[in-house]
Amino acid sequence: MIELTVNGIKRQVDVVAGMPLLWVLRDELGITSAKYGCGVAQCGACTVQIDGMAVRSCQAHIGEVAGKSVVTLEGLPKKEQHPVLQAWIEHQVPQCGYCQTGQIMQAISLLDLISNPTDDEINQVMSGNLCRCGTYPRIRAAIHAAAAKKMAEK
Amino acid sequence: MGHMQNLSRRAFVFGSAAIAGGIAFGAYGSAEAAVPSADGNPLTAGLGPNSVTFNPWVEISPDKITLIAQHADIGQGVGSVQPIMIAEEMDLDPGQFEIRFAGPSPAYFNTGFADEFAPFVAADQSPAAEEARAKTLEWLRQAGLQMTGGSSTIPDTYEKLRVAGAVARETLKAAAAKRAGVAVADLSTQSGHVILPNGTKIAYVDLSADAAKIPPVLDAKPRDPSKWRLLGKPMMRLDIREKVMGELKFGIDMKMDGMLYASVKLNPAKGQPLKSYDAGKARAMPGVKKILEIKNGIAVIATNSWYAMKAADAVVCEWAPSAYPAEQADHWKVLESSFKPEFLGKEWRKIGDIEGGLKTGTLVEAEYRAPYVAHQPLEPLNGIGLVTDNGMEIWVGHQSPRFVQWVAATAIGLKPEQVTFHNQWTGGSFGHRLEYENVRVLAEIANQMKGTPIKLVFSREEDFLQDIPRQIAIARHRGSVDKSKIVAADLQLASTTPLKGLLERSGTPSKDPDGQLAAGLWNVYYDIPNFRATSYEAQGLSPSTTWRSVGASTSGFFTESFIDELIHAAGLDPMRARIAMCTVPHYRKVLETVAEMSDWKGPLGNGRGRGVAFVESFGTPTAEVVEVSMTDRGIRIDKVWVAVDVGKVVDPVNFENQVQGGVVWGLGHAINCELTYAKGAVQQTNYNHHEAMRIYQCPVIEVRGLENDPKVRGVGEPPVPPAAPALANAIFAATGKRIREMPFNKFIDFV
């Protein structure tokens, strides 16, 4: 049994230590906001937080996550009022939406690092997240809007 | 070619060979074979007590209102705009109804294909063209062709869903009038209620039983757009919140009690069988329950998807060789030798004296190439299947519900009507979910695991390997210019056949020329007195299929690059020349609009350049200007302007998002994507080999929608075809280098 905390709840899973966190979340724990896109850290759709850091969950072996705290989009605190999620809704970013949970988790991490990022900084941090539908112009706009919201809240 | 009337004089026989410029579906598409109820409404059979349905799109029970989304949602937003078109007429507000995807039924035949399939260019509105479209529509009705694609959702549903909503509204009013003993004329509707003259409100759901007892008011008319509350105005897509909150369940997120997981390893030589395999190592791996042999490979059944994928990877397979050339170089050789009479698809259009024209003035010749490209929506192919003694149930996101039934049934010896299909929200498609690689193997696997629900998920690598790609094509174009005018253009194309291939795999093979090879080739609206457009169909190459914008994705690049070459050879300005040559007034307006948006004033200089391209695809004229700069790190795309005329913009926010996404799709794949074969398998098996556009390369994209077209048009695909030629033309303007082959990064670096 491997024990970890997911969205504030202690969970135990009986899988091999080399199994990626992504598949533990999806198939063993039924948490589906982290998406399988590529399996090789090329798309970012599986992005979650481990101990507060944005991580590609397809690359995190469950054995290494033991005892750590994982937060997926489902478990974000004050989700309904979250400035990034609100900005994503207001700007109607998603098309198919499959990559967007990963985009959002990455954007949250970006805004934790840089409170008011430039387009160049957005490009640098968000380029690991693929969007096949091409919502990049809206992702940029939503990140700027979320940054403004966060600053207004302070 | 001057005037559109010339086109209507084309000889035109409406037999199977003429439909679609070559689309005739086989017997399976017969509506009579599958009519589920006497009234032709598939909702009737499933109605609960005291419930009513007025048509195949509206269902009201005592506790809820359900609106049916006929077209599959592949990210383009139709899961939202379809119910909103009904809700607009019913005076329903978002949140007052549930949405369900349509099941398979000929009642959901796609009227939107009538224009694309009739053998006339879109701008031809002559009586002969309209008559052909009416006949095509009747044929579509009889065939019951239920398919999402060809940017047809809005053209198909714009009238019929608003009428469906109006019929529901007027019938509910009639039911309320009868109950209250007042005249219908004295009633109004608002926010899910009928309002009586004394102000009393009756909820629609409370009228369901009454409404079921009266005949529907079939002559109800939809309202004039000036009365719209929701449509045509910025509105919130109904799926946005759930997608942002991570709550929306895609097909890959579905789960069933007792379910086991499957993954597959299939012959990468597409369509060829398995010869032998050794699963010794795989059998002993964690979580593995079973290893099954299927027609073209093996499947692993395990306790989760990852165990299944790992074990499938560990199975050693010996494959039958590919039926197409094993090596990519030989694919190109076949194409090169396909410009011969025996491979003629069709001479789609001939105007004037092409040979004489080519001998006038300066001859310009150029060869263009476009490679195989993958679809690769971010949600890989998947599905859940359950086979019992009664038949099969399948939960999968797909664009052709009735063909899913046929493919699954055929794979395991059932009748199509024994397959129950439940459509799912999908993480993109771009044409991928018109094919059946997951459907066929899921049927085979579930059939061997009778009684157990099986969830199949393709690994990304397997998805790449089995992706039926976009067509590969070579164009050999000749033209001439004289006295600052284009005198002749002879456009010749050799290509694999995307639509024909899809139809064959759908169980409806066609012997007619592939109409998609005319797209972007024959629908050229410039005043060129001598013109010819000819397609050749290469034989024996990789299967190919429809990829966002289909034929126009390659021919749009070839044609608009070549027109640019002719314009430059004639010493003209690329924008002003296109505007001057454009023969269709409202298409000219699209070019004039993009010129105005971009403040086009000719060459920019200083290592900067602009290119323009104009392509009509699926009836939607689209013009784009791309601006690039040369930098030390390569070409940077600075800005894109797009003008597109859809007749009516029904969902403005989503419209902009779709157009921008189409541009990103067109540019990204033109820059860096191709699939190449080696030993019969594609060499690109994940996004690091087939990247398309990432955010750092994404320019600012300014969009304007025009509403001058006499018909309501779609916008999912039309922004794609002009993107690549506009970029290539911009690179030429900035650098003097003419790129005639995709992907462009083989010839020039990009930032």
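Reply: Helix 13 of chain B is largely enclosed by the rest of the structure, because 10 of its 12 residues are buried. This is a predicted model, in which local features need pLDDT of at least 70 and side-chain atom pairs count only at pLDDT 80 or more, while totals for chains, interfaces and linings use all residues. Residues are numbered from 1 along each chain as its sequence is written, and chains are lettered from A in the order in which they are written.

Me: What makes a residue buried or exposed?

Reply: A residue is buried if 20 or more other C-beta atoms, placed from the backbone, lie within 10 Å of its own, exposed if 12 or fewer do, and partly exposed in between. In helix 13 of chain B, the buried residues include Val439(B), Leu442(B) and Ile445(B).

Me: Which residues have the most contacts inside the largest nonpolar core?

Reply: A nonpolar core is a set of buried Ala, Val, Leu, Ile, Met, Phe, Trp, Tyr and Cys residues joined through C-beta atoms within 7 Å. Here the largest one has 287 residues, and among those with the most contacts inside it are Ile445(B) and Val594(B). Helix 5 (residues 153–180) of chain B gives the most to this core, with 12 residues.

Me: How is chain A divided?

Reply: Domain bounds come from an automatic or database domain assignment, and chain A has domain 1 (2–74) and domain 2 (79–153). Their C-alpha centres lie 21 Å apart.

Conventions:
Helices (H or I, at least four residues) and strands (E, at least two) are DSSP runs, numbered from the N terminus.
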